[in-house]
Amino acid sequence: MAQDVANVARRVNEAVEEGKDHLDLSHCKLISFPDGVFKVLRTVTENIQSMTLADNELKALTNKFFSTFVQLRELDLQGNVLSKLPDAVGGMEHLTSIDLSRNKLKSFPESLTEIRTLESINLESNEITDVPLEKLSLMPALKTVNLRSNPLQGQFPDASNLSFELLIDP
């Protein structure tokens with residue numbers, strides 16, 4: 001446990017000291033985003049363009065996370081145990097890519113459809129049964145939605161009629 005805390009502290013301090021635009025906190029056994037990280041990063045949050053929180057044990061992210069890191073362009077949350085996202089994710093006005101694969105999402109996080117800059121949504125290997133295709137079709141920058149390995153229900157329209165690439169199991 002102490003080694004994991006030290007690992008997080010080292011990575012955060014490196015990002016601050018070196019003025020990095022990427023913060024990698026993957027494989028740190030995090031169950032939540034540490035409050036202390038907000039304090040350490042408060043002077044450089046606008047520099048962080050991408051963040052990796054992959055392969056942790058995150059159960060939830062707070063509105064504070066999304067309202068603090070509004071400048072993120074890429075967010076990698078794959079391999080956690082997230083069951084939902086807070087509505088504040090919809091305010092991520094610069095986000096172009098989000099990876100939520102291998103989580104525990106039971107429904108499509110519809111607040112993602114509010115992000116006009118979003119180009120790629122990866123929701124592979126979750127527990128999603130329904131997809132808001134109409135809302136997704138209204139997203140101006142959207143290029144790809146990966147929903148492979150989900151227990152999707154219902155019929156899907158011909159992919160050629162969609163304005164984005166929808167990846168689903170045959």
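A residue counts as partly exposed when its relative accessible area lies between the 20% under which residues are buried and the 50% over which they are exposed. Arg102, at 38%, is therefore partly exposed. With that idea in hand, let us walk through this structure, which is a predicted model.

**The chain as a whole**

The chain holds 4 helices and 7 strands. Read from the N terminus, the elements follow the order α-β-α-β-α-β-β-β-α-β-β. The radius of gyration is 16 Å, close to the 15 Å that the globule rule gives for 170 residues, so the chain is as compact as a globular protein of that length. The C-alpha trace spans about 50 × 30 × 20 Å along its principal axes.

Of the 170 residues, 45% count as buried. The chain exposes about 8900 Å², and carbon and sulfur atoms supply 48% of that area. Among contacts with a separation of 6 or more, 44% come from residues 24 or more positions apart.

**The nonpolar core**

Which residues touch the most other members of the largest nonpolar core? They are Phe33, Met51, Phe65, Ile121 and Leu136, out of 48 residues in that core. Two or more residues come from each of helix H1 (2–17), H2, helix H3 (63–68) and helix H4 (133–137).

**Salt bridges**

The count of salt bridges comes to 8. Three of them are listed here.

| Salt bridge | Closest N and O atoms |
|---|---|
| Glu14 and Arg10 | 3.3 Å |
| Asp55 and Arg102 | 3.2 Å |

Glu14 and Arg10 both sit in helix H1, 4 residues apart, which is about one turn of the helix. Glu14 is partly exposed at 27% relative accessible area, and Arg10 is partly exposed at 44%.

The bridge between Asp55 and Arg102 links distant parts of the chain, 47 residues apart. Asp55 lies in the loop between strand E2 (50–52) and H3, while Arg102 lies in the loop between strand E4 (97–99) and strand E5 (120–122). Asp55 is partly exposed, with a relative accessible area of 28%.

Glu127 is partly exposed at 29%, whereas Lys106 is exposed at 55%. Elsewhere, salt bridges that share partners join Arg10, Glu14, Glu18 and Lys20 into one network.

**Two serines in loops**

Is Ser26 buried or exposed? Its relative accessibility is 9%, so Ser26 counts as buried. Ser26 is found in the loop between strand E1 (22–24) and helix H2 (35–41). Not counting residues up to four places away in sequence, Ser26 touches Arg11, Thr52, Leu53, Ala54 and Asn56.

Ser111 lies in the loop between E4 and E5. With a relative accessible area of 8%, Ser111 is buried. Setting aside residues up to four places away in sequence, the contacts of Ser111 are Pro86, Asp87, Val89 and Gly90.

Methods. Residues numbered from 1 in each chain as written. Predicted model: local features only at pLDDT ≥ 70, side-chain atom pairs only at ≥ 80, totals over all residues. Heavy atoms only, no water. Buried < 20%, exposed > 50% of the residue type's maximum accessible area, 1.4 Å probe, protein only. Contact = heavy atoms within 4.5 Å. Core = buried A, V, L, I, M, F, W, Y, C linked by side-chain atoms within 4.5 Å. Salt bridge = Lys/Arg side-chain N within 4 Å of Asp/Glu carboxyl O. Rg over C-alpha atoms; globule rule 2.2 N^0.38 Å. Areas by Shrake-Rupley, 256 points an atom, 1.4 Å probe, with all protein chains shown as cover.
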